[in-house]
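Hi,

Here is the structure I promised to pass on.

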Amino acid sequence: MSSMTASATFESVEVGDRLPEMKKEVTREQITAYAEASGDHNPIHLDEEFARSVGLPGVIAHGMLTMAFLGQLVADWAGRRQQVRRLQARFAGMVLPGDTVTCTAEVVKKDSSSKRVTLNLGAVNQRGEKVITKALAEVEF
Amino acid sequence: VTDVRHVGRSYRTQPFLVTEESIRQFMSAIGDTAADASIAPPTFGMVYGFDAYWQLWQDPEVGLDVGHLVHGEQSFSLERPVRAGDRITTTGEITGISRRGALELVTFECQSIDQDDHPVGQATCLFIIRPA
């Protein structure tokens with residue numbers, strides 16, 4: 001979504017609304033950049049040989065990178081980043097360099113007293129395999 | 001195998017100064033092109049809290065097998081927005097150690113406070129340690 005997109009308002013949101021999908025191609029460079037930005041230099045994300053030695057198919061992306069995509073999807077939709085008050089996810093599958101992750105979100109609850117909206121989130125790779133499950137966000141309006 | 005007696009062990013970070021530069025670096029890494037770098041993205045808690053996770057991973061007494069550790073689940077909840085200029089201290093505590101089949105599960109709960117000792121947010125992390 002671009003910054004030109006109109007932000008959601010509490011009044012306009014309805015249970016069942018689906019956000020536009022967000023697609024991200026994950027590259028080795030991005031994984032390295034995420035390691036730098038987050039401080040997480042675990043070699044399973046950076047060192048091909050080490051990753052193989054511990055039984056992985058090669059370096060894998062940080063689960064937190066995919067979760068950050070979900071945070072971005074929801075924040076862009078809400079309009080302001082600080083509206084995202086809760087975010088949770090289960091990392092169900094590995095994301096490898098070259099994978100394309102598609103992030104989805106659907107409004108499942110709208111609470112008028114707290115002016116909070118709950119969204120179910122998901123992420124799949126290019127083969128349709130779930131890489132994130134049991135994910136949700138709470139957005140405050 | 002991680003000993004259950006380590007439940008309750010905790011680690012505290014040094015105060016982490018949130019800067020627009022650190023927010024921008026994070027946004028750039030995740031491919032977020034939004035203009036605003038004054039407010040931290042929703043998963044930025046991993047950045048200011050990271051040293052607590054790092055201390056856990058490096059604790060020789062706990063002896064986690066970091067090479068076989070994967071991130072199973074994560075949640076963040078925020079009491080208030082995190083802004084550039086905030087100085088945030090995070091305390092992470094091991095709150096659970098259990099087994100599920102061949103997997104070992106370690107739950108780590110983090111509480112973050114700001115420069116005025118007011119709560120900023122919580123994070124809960126489930127680590128899974130695969131068999132070697």
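Below is what I found, starting with how to read the model and then going through the fold and the interface.

A bit of bookkeeping: residues are numbered from 1 along each chain as its sequence is written, and chains are lettered from A and ligands numbered from 1 in the order in which they are written. This is a predicted model, so local features need pLDDT of at least 70 and side-chain atom pairs count only at pLDDT 80 or more, while totals for chains, interfaces and linings use all residues; side-chain values use heavy atoms, with hydrogens and water left out.

On confidence, the model scores ipTM 0.95 and pTM 0.96. Chain B has a mean pLDDT of 96, with 100% of its residues at 70 or more (pLDDT is the predictor's confidence in each residue, from 0 to 100).

Let's take chain A by itself. It has 3 helices and 5 strands, and the order along the sequence is β-α-α-α-β-β-β-β. (Helices are DSSP runs of H or I with at least four residues, strands are runs of E with at least two, and both are numbered from the N terminus.) The C-alpha trace of chain A spans about 50 × 25 × 25 Å along its principal axes.

(Two strands pair if DSSP finds at least two bridges between them.) The hairpin of strands 3 and 4 has 4 residues between the strands, and A:K115 takes a positive phi near 55° in it.

Now for the interface. In total, 32 residues of chain A are in contact with 37 residues of chain B (contact means heavy atoms within 4.5 Å). The area buried between the two chains is about 2900 Å², and carbon and sulfur atoms give 56% of that. (Buried area is the accessible area, with a 1.4 Å probe, that two parts lose on being put together, summed over both.) A:M64, A:R81 and A:R85 supply 24% of what chain A buries against chain B, more than any other three residues.

How many residue pairs are in polar contact between chain A and chain B? The count is 12, with both residues at pLDDT 80 or more. (A polar contact is a pair of N or O atoms within 3.5 Å; within protein, one must be able to donate a hydrogen and the other to accept it, and residues adjacent in sequence count only if both atoms are side-chain atoms.) Helix 1 (28-38), helix 3 (63-78) and strand 2 (84-91) of chain A each supply at least two residues of the side that touches chain B. Strand 2 gives the most, with 8 residues.

B:E73 forms a salt bridge with A:R90, with the closest N and O atoms 3.0 Å apart. B:E73 lies in strand 3 of chain B and A:R90 in strand 2 of chain A, so the pair joins two chains.

Cheers

Key
A salt bridge is a side-chain nitrogen of Lys or Arg within 4 Å of a carboxyl oxygen of Asp or Glu.
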